[in-house]
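User: Hello! I am new to this structure and would like a close look at a single part of it. Could you pick one buried spot and then lead me outward to its surroundings?

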Amino acid sequence: MKYEFKPDAVLMLEDGTVFKGKAIGKIGTTGGEICFNTGMTGYQEIYTDPSYYGQVVVTTASHIGNYGVHAQESESAKPSIFGLVVNKFSDTYSRANATEGLQQYLTCHDLVGIEGVDARQIVRHIRDKGAMNCVISSETTNPEELKAYLEKVPDMKGLELSSSVCVSEPVFRGNAAAKYKVAVLDLGIKESILKQLLKRDVYCKIFPAKTDFSVIEEWGADAYFISNGPGDPAAMDYAVATVQKMLETDKPLFGICLGHQILARACDVKTYKMHNGHRGLNHPVKNLTAGTSEITSQNHGFAVDPESVKSAENLEVTHINLNDNTVEGIRVVGKNAFSVQYHPESAPGPHDSRYLFDQFISLINQ
Ligand SMILES: NC(=O)CC[C@H](N)C(=O)O
């Protein structure tokens with residue numbers, strides 16, 4: 001629905017800072033960890049990426065909604081973000097093949113948001129102060145009520161969220177007669193990752209995050225894939241145990257983002273919560289094996305601890321971030337297992353890193 005008159009809305013950060021604007025989406029109150037994405041396109045893919053579950057997203061792109069929503073551009077069945085913060089929001093859209101407007105889409109999915117705030121000021125604030133929770137409301141501007149709501153928003157550190165967003169039963173994707181069979185551990189997988197696998201003649205069986213390894217093994221896959229997903233990898237001992245058992249089989253294994261963090265933990269390496277995450281489409285990464293660099297799409301708030309990687313004899317760092325030297329890729333020495341912190345499926349984002357899917361297939365061919 002389009003509001004004739006936009007109700008007031010307020011955004012309150014955990015440190016007490018308040019921003020006033022107008023309501024978008026559903027009239028209501030919401031809370032989560034506030035984070036920013038610096039991408040200039042791809043809002044629909046961002047809002048529907050399950051890795052954002054529990055988070056309120058601020059986009060630095062100053063116009064949001066102007067190209068509407070396209071039914072085939074979602075990364076999952078519904079938006080995963082818990083709220084959104086926008087500078088200029090467009091109720092109307094101009095794109096011939098858009099299927100609906102963003103306001104209609106957000107309202108239909110009960111999503112609460114705020115527009116008309118200085119998004120870049122908010123980004124600079126959280127960039128300096130670090131990750132924190134927030135509340136957005138178009139129901140109340142009473143500071144005491146807002147603070148009471150904020151107190152109930154859980155801290156992202158220590159949160160296990162994959163089991164809230166993964167499939168509830170095993171699901172098959174692709175053609176059963178395809179050349180390769182890959183068992184996918186679903187920690188909150190993006191649709192575009194599956195598309196990249198299917199395109200390479202892969203038949204996937206997607207298993208819920210907490211599936212026992214014996215059940216996964218029974219299917220007799222050629223290789224394993226560990227997906228992206230929301231939450232803190234340090235709170236996911238169950239997935240670490242599954243990946244350790246996968247490594248014992250010596251079958252090829254590829255992990256993306258949360259899957260990368262879990263592979264590192266399976267090799268006794270620690271993860272930590274970053275001051276601010278990496279979320280955007282232009283993060284420069286160096287491939288240390290090839291000596292080349294790539295521009296990558298990223299979305300993570302936790303990372304692999306560089307000191308603990310150095311002391312792990314069984315791990316080699318294959319990629320580093322050229323902005324801050326964070327660990328972007330690892331390989332398990334003596335195994336066909338590797339992972340990256342960034343998103344080679346890049347939806348949205350540049351396609352520089354899609355070679356990693358080919359690398360996975362060549363490991364299966366070997
Ligand atoms: N995109 C992802 O898989 C995110 C991984 C993890 N939840 C993090 O924030 O670091």
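I330 is buried, because 27 other C-beta atoms lie within 10 Å and 20 or more is the mark of a buried residue. Please keep in mind that this is a predicted model. The residue sits in strand 18, which covers residues 327-332.

What does I330 touch, once residues up to four places away in sequence are set aside? The list is H260, L263, A264, V309, L315, E316, V317, T318, F338 and S339. Another residue to look for is Q261: I330 and Q261 are 69 residues apart in sequence, yet 9.7 Å apart in space, C-alpha to C-alpha.

C257 lies in the loop between strand 14 and helix 9. Is C257 buried or exposed? C257 is buried, since it has 28 other C-beta atoms within 10 Å. Its backbone also deserves a glance: phi of C257 is near 55 degrees, a positive value in a residue other than glycine. Most residues other than glycine have a negative phi, and most peptide bonds are trans.

C257 also belongs to the group around the ligand, together with S51, N228, G229, P230, G231, L258, G277, N299, H300, G301 and F302. Strand 16 (residues 292-304) provides the largest share of this shell, four residues. By type, the shell divides into four nonpolar, eight polar and no charged residues.

Next comes helix 8, which spans residues 237-248. Its 12 residues reach 17 Å from the first C-alpha to the last, close to the 16 Å expected at 1.5 Å a residue. Within helix 8, A239, T242, V243 and M246 are buried. Seen down the axis of helix 8, these buried residues fall within an arc of 95 degrees, so they line one face of the helix. An α-helix has 3.6 residues a turn, so residues three or four places apart point the same way. The face turned away from the buried side of helix 8 carries the exposed residues D237 and E248. Covering the buried residues of helix 8 are, among others, strand 11 (180-186), helix 7 (213-218), strand 13 (223-226), strand 14 (253-256) and helix 9 (258-266). Just after helix 8, D250 has a positive phi of about 70 degrees.

Just after helix 6, D201 takes a positive phi of about 65 degrees.

A cis peptide bond joins A347 and P348, with omega about 5 degrees.

Finally, let us zoom out. The protein is divided into domain 1 (8-151) and domain 2 (162-365), and 28 Å separate their centres, taken over C-alpha atoms. Contact between them involves 22 residues of domain 1 and 22 residues of domain 2. On the side of domain 1 that touches domain 2, strand 3 (29-37) and helix 3 (119-129) each supply at least two residues. Strand 3 gives the most to that side, with three residues. The residues of this side of domain 1 divide into seven nonpolar, 11 polar and four charged.

Key
Residues are numbered from 1 along each chain as its sequence is written. This is a predicted model: local features need pLDDT of at least 70, side-chain atom pairs count only at pLDDT 80 or more; totals for chains, interfaces and linings use all residues. The expected span of a helix is 1.5 Å times one less than its number of residues. A residue is buried if 20 or more other C-beta atoms lie within 10 Å of its own, exposed if 12 or fewer, and partly exposed in between; C-beta atoms are placed from the backbone. The arc is that of the directions from the helix axis to the C-beta atoms. Two residues are in contact if their C-beta atoms, placed from the backbone, lie within 7 Å. Domain bounds come from an automatic or database domain assignment. Ala, Val, Leu, Ile, Met, Phe, Trp, Tyr, Cys and Pro count as nonpolar, Asp, Glu, Lys and Arg as charged, and the others, Gly among them, as polar. A residue is near a molecule or strand if its C-beta atom, placed from the backbone, lies within 6 Å of it.
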